Amino acid sequence: MPERKLTRFFKNLAYAFSAQGIALILSAIQILIMPKFLGVREFSYFQLFIFYSTYVGIFHFGLIDGIYLRTGGKHYHELDFPLIGSQFWYTIVGQVLIALGIIAYGALTPHNSESRFVLYTTAINLIITNAITYVGYIFQATNHTRKFSISVMISKIFFLVFIAALIIFKQKHFQAFTVLYLVAQFASLVFCIYTGRQFVFAKLLEPFETLREMGINISVGINLMLSNFASMLILGSARIAIKQRWDIEAFGKISLAVSLTNFFLLFISQVSMVLFPALRQTDSESIKKYYRIMRNGLGVLLPVIPLFYLPISFILGLWLPKYKVSLEYLALLLPLCIFDGKMQMLCNTYLKVLRKERVILFINFLSVVLSIILSAIGALVIQNISAIVIFMSTAVAFRSVIAELYLSRLMNINAAKNLIGEILIASLFIVLSLCTGKIEAFLIYLAAYAVYIFIWRKSAKSTFLSFKGILKH
């Protein structure tokens, strides 16, 4: 990357990390405080709301993804503001109609009062979240990551304040937390609309022209949207199976383990967000060079994550004794960070840059089919949640390995040896977690990681020198 672009990349990365720093604090509070304060049942319903909310993005049908892909790498002032703004308002109208349909479904079908409330608030969140996503993707695609990062910080800070107030006033109903979560999201939306006012409040175009452009964007983005949906279902199908086979408390406990796992992946997702528009402005030779550097770097860094299990399980075990089983699930989930981290930062980003959305869709589709089959076996045949959790990690690893083999072939890089090493060290941690005590597992895994680093020391050294050279120049 040219020096000027590289400087901007690191500035955007700094803002993204700042936003995720606050998100990290919020996640820590949600993980440490909310389960303790709310109790298992109330916390589980709040987790159900968060779980449903992760899927609201499918209801823009790929429109936002299409705009993101088509505008990625452009400068903000090059955008057709009336065209972008007109699509925004048409999208909002569509989201309102879908939300009304969800509310009608909740009212007309049998649910307990808590589940019905979750559906209603999810419907409202659908409108707010997809509006934020629309504006945020415009900022990300045009390399204005700072603006989107600030919007994230606003929602997180507001919700942090609300959580503190609810705890002070001893409000222990999940409904209050959910409503104030929506208020925090709305504050973020207000900032997005104000910051993007050049296109949000631009002159509306004729319906035919707007709908025609929306159709083009949907046709471009539908594959990526379906890929994202399938990607979420890899873990989501297992959680749905647990909710259907067991109870809301079991769902809440597995959700806490998944949240702890996502805790480690927050920063990786932010790097990938900044990386996409930067790579779109980079020549093909540099793209290959940066791929090799990042692939080797992630191969060294990501296997460190399971080493955090011992201190985390010790601290949370004392603080959240009712969630002891969640920590057992966490031991089986942490290895998936090795593969999901690479998938988010490396494979998804590069395949989007190379416009291989159909490949992403195909790989994610295969993985979600595998996940559904394994989840059904775990829930109906084995009837064991731990088995389902292991299957979750297996499906995530399968997706990452297939994607990386395909991508490495495009880059003319042999990744087979690295992949074998990562699969072996991840599998070792799962086996150790099932068969030994926590301290023994930590010490054996630490020794195995030292051997792993020794074997791949040349790749690690090469990555370090390459990164040092980038910073120097």
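Helices here are DSSP runs of H or I with at least four residues, numbered from the N terminus. Hello everyone, and thanks for coming. This is a predicted model, so local features need pLDDT of at least 70 and side-chain atom pairs count only at pLDDT 80 or more, while totals for chains, interfaces and linings use all residues. Residues are numbered from 1 along each chain as its sequence is written, and side-chain values use heavy atoms, with hydrogens and water left out.

Let's begin with one serine. Ser 53 belongs to helix H3, residues 40-53. Is Ser 53 buried or exposed? With a relative accessibility of 10%, Ser 53 counts as buried, where buried means under 20% relative accessible area, exposed over 50%, and partly exposed in between, using a 1.4 Å probe and protein chains only. Its side chain reaches the backbone oxygen of Phe 49 at 2.9 Å. Leaving aside residues up to four places away in sequence, Ser 53 touches Thr 122 and Asn 125; contact means heavy atoms within 4.5 Å.

Now for the rings. Searching the whole structure gives 24 aromatic pairs. Rings of Phe, Tyr and Trp (its six-membered ring) pair if their centres lie within 6.5 Å; planes under 30 degrees apart count as stacked, over 60 as edge-to-face, and the rest as tilted. One of the pairs is Phe 159 with Tyr 181, edge-to-face, at 5.3 Å centre to centre and 90° between the planes. Phe 159 lies in H7 (residues 145-168) and Tyr 181 in H8 (residues 174-195), so this pair ties together parts 22 residues apart in sequence. Phe 159 is buried at 1% relative accessibility, and Tyr 181 is buried at 17%. Elsewhere, ring pairs link Phe 51, Tyr 52, Tyr 55, Phe 229 and Phe 251 into a cluster.

On to helix H13, residues 309-319. Tyr 309, Ser 313 and Leu 316 are buried there. They span an arc of only 80° around the axis, which puts them on the same side of H13; the arc is that of the directions from the helix axis to the C-beta atoms. Phe 314, Ile 315 and Leu 318, on the other side of H13, are exposed.

Finally, confidence. The chain averages a pLDDT of 84, and 86% of the residues score at least 70; pLDDT is the predictor's confidence in each residue, from 0 to 100. Confidence is highest in H8, at 95, and lowest in H20 (residues 457-472), at a mean of 52. Over residues 464-468 the pLDDT is below 50. Where pLDDT is low, the predicted coordinates should not be read in detail. Thanks, everyone!

Conventions. Helices (H or I, at least four residues) and strands (E, at least two) are DSSP runs, numbered from the N terminus. A polar contact is a pair of N or O atoms within 3.5 Å; within protein, one must be able to donate a hydrogen and the other to accept it, and residues adjacent in sequence count only if both atoms are side-chain atoms.
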